[in-house]
Amino acid sequence: MTGRRFGGTYSKGGPTEPGKPPGNKFDGRRVQRGSGGAKLIYAAALPMGLAGLLEIGSGDAVAMIAELGSFALMFFSAWMTSEGVKAANAFEARTVARPPSIPRKIIGGVALGLGVALGGAFGWQLGIIQGVLFGIVAAGAHLVAFGPDPMKAKGLDDASDFDRDRVANAIDKAETLVGQLMDQARGIGDRELEGRVERLATAARAVFRAVEEDPRDLPRARKFMGVYLTGARDATAKFADIYSRSRDPQARTDFVALLDDLESSFNAHRESLLIEDRTDLDIEIEVLRDRLKHEGVRPRMEE
C-alpha cells in the first residue's frame, strides 16, 4: 500500500498559502444522521441465525425455519435501513431534491417487525399474539430511531415538477463527478494534495448551491459544471497514475497549478454564473478545454 505524505496548515509545505484560509469541507453541508444504528440490527440478527443453525439437529423443523427466516428478515432490514439513511442524508444535503424512489427505511422497519414477530411466535414459541406484539414494538422502535423516508420533493416551490427534476438531475450528476474526483484524489497517497482537491470540491459544491437557488439558466450551468468537474476528475486520475510511480515534483507542481486555476474559476462564477454573458462563459470554457488538453486530458461532456 502506498504511504501517504502528512501535511497540514502548520506543517512544512502545508496546503495553504500565507494569507489564504483553507476551504472548509463542511461548508454548505448539514449535520447528517449516521447509519451506525443499523449495525445494531445486524448484531441482533446474529443470535437468531445461530439459534436456527443449532435447531438443524434437533428435529424441530418449524423452529429452525422460523429462526433462519427471522435472521434473514432482520439482516435484510439492517441493509435496507443503512441504505435508507444514506439516501435520506443525500436528500437533506440538497436544496432541490426528489425523494428516494424506494422508501428503504420504511421497508427496513417492516422487515424488522416481521422478523421479530416470526422469531418470537415460532422460534421462541411465545405464541402468535405475543410474537406480533413484539414485532409491532420493534417496528415502532425502528421508526423512532431512524425516522421515515423523505416522501415529497423539495425546493423550487414555484417551479414545475419538470423544472425541479431538471435541477435535481443536474446536481445529482455533478455530485457523482465530485465523488469520482475525490476517489481519484485518495489514490494519490498524499494527504496535502487530497486536502487540496477537497478544497476544490468545496468550491464546486458552492456553485451547486448557487444553481439550486437560481436555476434560470440551467443548461449553461450544467455545461460549466460538466466541463470543469470532468476535466478535474480526469486530470486527477492521470496525475495519480503518474505520481504514484514517479513522485515527480514537476508533475506535482503542474497539478497544483491546475487545481488553483480550477478553484479560481469556480469561485469567480459561484454567484455570477447564471447572469453573465453567454459568450464570456463559453470563452472561459474553451480556455479551460485548451488548458486540459495541454495537460494531456480530453474532458468528456457530461450531459
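Which residue forms a salt bridge with Asp 183, and how far apart are the closest N and O atoms? The first point below takes up this question, and the others move on to the rest of the structure.

1. The partner of Asp 183 is Arg 186, and the closest N and O atoms of the pair are 2.6 Å apart. The model discussed here is a predicted one. Both Arg 186 and Asp 183 belong to helix H5, where 3 residues, about one turn of the helix, separate them. Arg 186 has a relative accessibility of 39% and therefore counts as partly exposed. Asp 183, at 47% relative accessibility, is likewise classed as partly exposed, because that class covers values between 20% and 50%.

2. Overall make-up. The protein chain contains 9 helices and 0 strands. Read from the N terminus, its elements follow the order α-α-α-α-α-α-α-α-α. The chain has 303 residues, of which 42% count as buried.

3. Side chains of opposite charge can pair when their charged atoms come close. In this model the count of salt bridges comes to 10. One of them joins the side chains of Glu 175 and Arg 205, with an N to O distance of 3.2 Å. This pair links distant parts of the chain, since Glu 175 is in helix H5 (residues 161–186) and Arg 205 is in helix H6 (residues 191–213), 30 residues apart. Glu 175 and Arg 205 are both buried.

4. Glu 263 is buried, as is Arg 196. Through shared partners, salt bridges join Arg 196, Arg 199, Asp 260 and Glu 263 into one network.

5. Packing of helices H1 and H2. Two packed helices are described by the angle between their axes and the distance between the axes. For helix H1 (residues 37–54) and helix H2 (residues 61–93), the angle is about 165° and the axes lie 8 Å apart. H1 is therefore roughly antiparallel to H2, because angles over 145 degrees are placed in that class. The crossing in which H1 passes H2 is left-handed.

6. Packing of helices H3 and H4. Helices H3 and H4 pack with their axes 7 Å apart and at an angle of about 155°. This angle makes H3 roughly antiparallel to H4. The crossing of H3 and H4 is right-handed.

7. Nonpolar surface patch. Which residues form a nonpolar patch on the surface? The patch consists of Val 62, Phe 122, Ile 128, Ile 129, Val 132, Leu 133 and Ile 136, which together have about 700 Å² of accessible area. Helix H4 (residues 128–146) gives the most to the patch, contributing 5 residues.

8. Positive phi in two loops. Gln 125 is a residue other than glycine with a positive phi, near 60°. Gln 125 is placed in the loop between helix H3 (104–123) and H4. With a relative accessible area of 56%, Gln 125 is exposed. Arg 247 is not a glycine either, yet its phi is positive, at about 50°. The location of Arg 247 is the loop between helix H7 (218–246) and H8. Arg 247 has 30% relative accessibility and so counts as partly exposed.

9. A pair separated in sequence. Arg 166 and Ala 97 stand 69 residues apart along the chain, and their C-alpha atoms are separated by 10.0 Å. Arg 166 is part of helix H5. At 26% relative accessibility, Arg 166 counts as partly exposed.

Terms used:
Residues are numbered from 1 along each chain as its sequence is written. This is a predicted model: local features need pLDDT of at least 70, side-chain atom pairs count only at pLDDT 80 or more; totals for chains, interfaces and linings use all residues. Side-chain values use heavy atoms; hydrogens and water are left out. Patches are made of residues with over 30% relative accessible area and no salt bridge: like charges are joined within 9 Å, nonpolar side chains (Val, Leu, Ile, Met, Phe, Trp, Tyr) within 5 Å. Accessible areas come from the Shrake-Rupley method with a 1.4 Å probe; for residues, only the protein chains shown count as cover. A salt bridge is a side-chain nitrogen of Lys or Arg within 4 Å of a carboxyl oxygen of Asp or Glu. Helices (H or I, at least four residues) and strands (E, at least two) are DSSP runs, numbered from the N terminus. Axes are lines fitted to C-alpha atoms, for helices over the stretch in contact, and angles run from 0 to 180 degrees between N-to-C directions. Angles under 35 degrees count as roughly parallel, over 145 as roughly antiparallel, 65 to 115 as roughly perpendicular and the rest as oblique. A crossing is left-handed if the near helix is turned anticlockwise from the far one by less than a right angle, and right-handed if clockwise. Buried means under 20% relative accessible area, exposed over 50%, partly exposed in between (1.4 Å probe, protein chains only).
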